[in-house]
There are 2 protein chains.
Amino acid sequence: MEIKKYEPTEKRGLVVVITGYGKGKTTSAMGMALRAVGHGMKVCIIQFMKGDLYTGEWDGIKKLGGCVELTTTGKGFCGIEGNPYPQAEHRRNAQDAIALVYTKMESGQFDLLVVDEINNALDLNLVDLSQVHDLLDRRPALTHLILTGRNAHPEIMDRADTVSAIREIKHAYRQGIEAQPGIDF
Amino acid sequence: MEIKKYEPTEKRGLVVVITGYGKGKTTSAMGMALRAVGHGMKVCIIQFMKGDLYTGEWDGIKKLGGCVELTTTGKGFCGIEGNPYPQAEHRRNAQDAIALVYTKMESGQFDLLVVDEINNALDLNLVDLSQVHDLLDRRPALTHLILTGRNAHPEIMDRADTVSAIREIKHAYRQGIEAQPGIDF
């Protein structure tokens, strides 16, 4: 079977929001990164809310041979019970992260930017709505921007081209099953 | 910051179903494949309903250096307007595909199996419900099984550990924007 490659007559960057409470938001962004690399694109991922817990995509991405740059920021725990850090510290981290996103986006080096868990960061007041609007305003026309995380802001969803909401129908951990490598982290 | 690696006290394979009409089902499965590779796991992906249209993950996966084996089956068009193939031909393809899934699953070579768009294949009567139950029955205890596609069968969701449903809030193509490489394929 001969494989056909679809070529859009007009290339353009898209803004994609992936939100909701179910499993698959960051995961889906990682899948788009993998797909983009297949097209020879350069990808930058900035993770906002990660803490110090290892997750498999960090090493998976290294295998993609320099096509994907990933930066992890945040201290974890924000908005979670047992949070040992003051809000100001979380906010400082997120402010550094969003400054980095602007820099990477405007560097001209990347075709696809994943801003992982920025929706939660906005919801938790670690970044401001105006800063996320700014991100969309300053986006180069051919750059794809993927914004993930729970509680996406309605104004940001309004401005996006594609929005998916992932609903949790069930999750293993609610049945007392521990998180498993390869699936949950 | 020191990175901690969570180790479950009991390792077990999970059955994950990703369904719904929104963007991100196959994409999310690709993200789990990438994550699993980061953990040093071996992944097998069998795509049921793909046709002859190129998609970026095919080349993305090649960059992961032999950790992921991907087989594409199907002729496309099934259940879609303008379908030029008889149902019997689609079913024959899907039957070959499910036979391959059993073989790969029982080979002991893979930690994670993605059975991409098998939910639609079942919904379109290309495979039988009993065959999907069989897949779950025969699954080795440590093997993860990810079943993607629209219209997942309630009995299969009942048996899964984790189920996510992706809802389309909006999609670029509904606003007349063409599919874009890296995002849509």
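This is a predicted model: local features need pLDDT of at least 70, side-chain atom pairs count only at pLDDT 80 or more; totals for chains, interfaces and linings use all residues.
Is His144(B) buried or exposed?

His144(B) has a relative accessibility of 3%, which is under the 20% cut-off, so it counts as buried. The residue is in strand S5 of chain B, residues 144-148. Leaving aside residues up to four places away in sequence, its contacts in chain B include Arg12(B), Gly13(B), Leu14(B), Met41(B) and Asp111(B). His144(B) also touches residues of the other chain, namely Gln180(A), Pro181(A) and Ile183(A).

That brings me to how the two chains are arranged. Two copies of a chain are related by a rotation about an axis and a shift along it. Here chain B is superposed on chain A by a rotation of 180°, with a shift of 0.0 Å along the axis and an RMSD of 0.0 Å. That is the relation of a two-fold axis. As for the interface, 100% of the interface residues of chain B are also interface residues in chain A, so the copies meet through the same surface.

Next, the aromatic rings. How many aromatic pairs does a search of the whole structure find? Over all chains, there are four. In one of them, the ring centres of Tyr6(A) and Phe185(B) are 5.9 Å apart and the planes stand at 85°; an angle over 60° counts as edge-to-face, so that is what we call this pair. Tyr6(A) sits in the segment before strand S1 of chain A, and Phe185(B) in the segment after strand S6 of chain B, so the pair joins two chains.

Phe185(A) counts as buried at 9%, and Tyr6(B) is partly exposed at 32%.

Lys5(B) lies over the face of Tyr54(A), 4.2 Å from the ring centre. Within chain A, Arg138(A) lies over the face of Tyr102(A), at 4.0 Å from the ring centre.

Tyr102(A) belongs to helix H3, so let us look at that helix. H3 of chain A runs over residues 87-106, which makes 20 residues. At 1.5 Å a residue it should span 28 Å, and its end C-alpha atoms are 29 Å apart, which agrees. Which residues of H3(A) are buried? They are His90(A), Ala94(A), Ala97(A), Ile98(A), Val101(A), Tyr102(A), Lys104(A) and Met105(A). An α-helix has 3.6 residues a turn, so residues three or four places apart point the same way. On the other side of H3(A), Arg92(A), Asp96(A) and Thr103(A) are exposed.

What covers the buried residues of H3(A)? The cover includes strands S2, S3, S4 and S5, together with helices H4 and H5, of chain A. Helix H5(A) has its own buried residues: Gln131(A), Val132(A), His133(A), Leu135(A) and Leu136(A). Those pack against S1, H3, S4, H4, S5 and helix H6 of chain A.

Last, some details of the backbone. Most residues other than glycine have a negative phi, and most peptide bonds are trans. Just after H3(A), Gly108(A) takes a positive phi of about 75°. Asn125(A) is not a glycine, and its phi is positive too, near 65°. Asn125(A) lies in the loop between H4 and H5 of chain A, and is exposed, at 52% relative accessible area. In chain B, Glu117(B) also has a positive phi, of about 65°, without being a glycine. Glu117(B) lies in the loop between strand S4 and helix H4, but is buried, at 15%.

One more loop residue in chain B is Gly51(B), found between strand S2 and helix H2. At 16% relative accessibility, Gly51(B) counts as buried. The C-alpha atoms of Gly51(B) and Thr72(B) are separated by 8.2 Å, with the two residues 21 apart along the chain.

Notes
Residues are numbered from 1 along each chain as its sequence is written. Chains are lettered from A and ligands numbered from 1 in the order in which they are written. Side-chain values use heavy atoms; hydrogens and water are left out. Rings of Phe, Tyr and Trp (its six-membered ring) pair if their centres lie within 6.5 Å; planes under 30 degrees apart count as stacked, over 60 as edge-to-face and the rest as tilted. Helices (H or I, at least four residues) and strands (E, at least two) are DSSP runs, numbered from the N terminus. Buried means under 20% relative accessible area, exposed over 50%, partly exposed in between (1.4 Å probe, protein chains only). A charge sits over a ring if NZ of Lys or CZ of Arg is within 6 Å of the ring centre and within 35 degrees of the ring normal. The expected span of a helix is 1.5 Å times one less than its number of residues. Contact means heavy atoms within 4.5 Å. Copies are superposed by least squares on the C-alpha atoms of residues with pLDDT of at least 70 in both.
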